[in-house]
Structure formats: C-alpha cells, structure tokens
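Please keep the sequence and the coordinates open while reading.

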Amino acid sequence: MPGTPFEVPTIDISPYRDDKRSSDPSARAEVATALDSACRDVGFVQIVGHGIDTHTIAGLADALDEFFALPLAVKKQYRRDPATNRGYSPPKSESLSMSLGIPTAGQMNDFYEAYTVGTEAADFMPLELPETSYAPNNWPDAAPGFAPAIQAYFAAAQVLSRILMGAFTDALGLRPGYFENLIDHSIEALKMNNYALPEGDTEFTGDLTGMGAHTDFGILTILWADRVPGLQVLDREGHWHDVQPAEGALLINLGDAMSRWTNDRWMSTIHRVDPPVVDGQITRRRSAAFFFDGNHDAVIEALPGTLAEGETGYPPITIAENIAMKVAGLRTGVAPATQLREAARVAAAEK
C-alpha cells in the first residue's frame, strides 16, 4: 500500500463565488494552490462553500425518488437512441468500463439505472450546433415534479462549474478568461443514477458491477451522492480507495479534457461503484453527476507550459470526438480504436 494515507481534500471555494468574492486576492490564491495540489495528487476533491442550497439539493433527491419509483415498464417509455445521451437507461444496458475498452467480468453490463438530461441546441441560438452533442430532452410527464426540481439543480450546477473554471484557471497559472472561448457553448449533462436490484432480480449474483471502472469524458464533474459506501477511486500507485462525501459537500473530479490539456499533471481519476451487499441484497445508493464537458468543437491539446522540451503530449482531439469515442464503448460495447493510458492503469491495478 502507499506510504501515506489516501485522502480526498476538502476545500472551501467560497472566495471564488461572486457573492463572497473578497477584495483580498490572498484567499483566492490559497484556494487555487489547494486545488492544484489536489488535482495533481488525487484528482478528486470535496468542496464546501459551493453555494448550492439545501433546498435545491433536497429537490434533486426527491426528483430521483419520484422517477425511479415508477414501474420499469413506465420508465422504459422514456428511453432514447443511445447516441443522443438523453432519457432513461434501464439496468444492465450500459458498461462504463467499455468506454476504456475493458470488458466486465462475464461480459455483464453495469446494474445501475439512469436518467440523463442536458443542454440542447436551442439553448444556444442563433448558433447552429449539432444535435448529436446537444440533443433535446424528453422530460418524463409520469413524474410531474421531476423536471422543475432537476432544472433548478442543473442551473445551480452550471453556475458552480464556471466558478470552478475560474479557480482552475488561477491554479494552472493561466491568463484570466483563458477557457472562455472553450466553454461558451459547453456540452453539459446531468446523469442521475439509481443503484438497486432491477425488477425481477431477487438477489445479488456476484457477477454484476455497480458501475465499471472509467474516467469521465469532459472537463470536470460535480457529483452529489448518498452517503452510502460504494464509490472507489484509483490512486497513482494503482490502489483502490473508498470515498464518501462529507455532510453538505459535493465531490469534484476531473475529466479527460483536463487531463489531456495538462498532459496528466492533473489526473482524470479512474473510479468505479460497487455498493454494499448485505444478505444478498444491494443497499440502495443514489447519485447525480453533472458533467461539464466544454464546447463540442474545442480542441483538447497541451496547455501552454505543460510539455517539457522534447515531450510529446496527447494527440489533439475535439471534445465531441472524445465523448463519441467513450460513449460508443459505454452504450454499444465498441472499444476505442486507440490504446488509452487509463486502460493500462486499470489493468495494472491491484485486484
């Protein structure tokens, strides 16, 4: 095991909020330094002082309960073409480890069910944006409280993601506003997950995976989750560690874009979910991951100052191309055409 204990740092980001912004830049500098350290060493961070109020978060949790309590036949009415990344995904319909080209044991897909909403092309008119990246939502009318509660949380997460981008800009020593033209029509999605035995299953078989080992596809992820065991992250030495959010905290992790931009100075941390099993029954766990991915046409290539002389970084790729490559594995089982660094890290991890 590593010589030092694994810990996800907790950082108060309130100095970067507009309503708390201090005239003294030292408070923001302290936050930026802490973020840089966390992103280098762990790739996950807990944030407090995030500004999303308890009422909005409670509304999110209630909305998940309202929808996922519906009969499976009703929920399946809200399935969409997998390529659109919108609507309902039934249990065992996705395999996140295949986004890295890693089949799960027994070729069994992940047992969670999910509902995904996101930014639409219409949100950015008069820009003409591809629906493949900005698909329309299909809100479930069978759960009337779902849409307003989710829209409220989504809007709050959009604000928070841009606060974090300001802090990341400082942490990386970039000029103010560096990322603006890369995120001004950002792909953003909220994937809400429910980990429970699917209808018709009476006991856990041992072959099911809650959510397979993967990295997130975009810039950053804001994660709300129940304080129930299950989430695990892989450290740089190849060891898995359990992670739970502190009371009132949100978990932030980096995605592929930030890892590629920094040539792995900052980590797109590999993580997975295996909720606890008691007497053959899975302890229910809920989560909601807000993916802040960046503009579909933004190019992911090394940021200024991240490559040493003679060093070769990742080959350039657009945000949309990277997402499409990963989603093909997730939804259709088509492995990425290129060998990914992250896949090698999972293969080398301790069992």
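## Salt bridges around D65

R284 and D65 join their side chains in a salt bridge, with N to O at 3.1 Å. The pair spans distant parts of the chain, 219 residues apart. R284 lies in the loop between strand 13 (281-282) and strand 14 (285-295). D65 belongs to helix 2 (residues 54-68). The model is predicted. R284 is partly exposed, at a relative accessible area of 36%. D65 is also partly exposed, at 28%.

D65 has a salt bridge with R286 as well, and here the closest N and O atoms are 3.0 Å apart. This pair again links distant parts of the chain: helix 2 holds D65, strand 14 holds R286, and 221 residues separate them. R286 has a relative accessibility of 15%. It counts as buried because the cut-off for that class is under 20%.

## A pair between strand 5 and helix 4

Searching the whole structure gives 8 salt bridges. One of them is between the side chains of E188 and R162, at 2.7 Å from N to O. The partners are 26 residues apart and sit in distant parts of the chain. E188 is in strand 5 (residues 186-195), and R162 is in helix 4 (residues 146-171).

Are the two partners buried or exposed? E188 is buried, with 1% relative accessible area. R162 is partly exposed, at 34%. As a general point, side chains of opposite charge can pair when their charged atoms come close.

## L129 in its loop

L129 sits in the loop between strand 4 (113-118) and helix 4. L129 is buried, with a relative accessible area of 13%. Which residues does L129 touch, leaving out those up to four places away in sequence? They are A121, F124, Y134, H185 and H296.

L129 can also be placed relative to D297. In sequence, L129 and D297 are 168 residues apart. In space, their C-alpha atoms are 9.7 Å apart.

Helix 4 has 26 residues. From first C-alpha to last, helix 4 reaches 37 Å, close to the 38 Å expected at 1.5 Å a residue. After helix 4 comes G173, with a positive phi near 70 degrees.

Two packed helices are described by the angle between their axes and the distance between the axes. For helix 1 (residues 26-41) and helix 4, the angle is about 85 degrees and the axes are 8 Å apart. The two helices are therefore roughly perpendicular to each other, a class that runs from 65 to 115 degrees.

Which residues make the contact? Helix 1 supplies A32, L35, D36 and C39. Helix 4 supplies A167, F168, D170 and A171. By class, the contact has 6 nonpolar residues, 2 charged residues and no polar ones.

Definitions and conventions: Residues numbered from 1 in each chain as written. Predicted model: local features only at pLDDT ≥ 70, side-chain atom pairs only at ≥ 80, totals over all residues. Heavy atoms only, no water. Salt bridge = Lys/Arg side-chain N within 4 Å of Asp/Glu carboxyl O. Helix = DSSP H or I, 4+ residues; strand = E, 2+ residues; numbered from the N terminus. Buried < 20%, exposed > 50% of the residue type's maximum accessible area, 1.4 Å probe, protein only. Contact = heavy atoms within 4.5 Å. Axes fitted to C-alpha atoms, helices over the stretch in contact; angles between N-to-C directions. Parallel < 35°, antiparallel > 145°, perpendicular 65-115°, else oblique. Nonpolar A, V, L, I, M, F, W, Y, C, P; charged D, E, K, R; others polar. Expected span 1.5 Å × (residues − 1).
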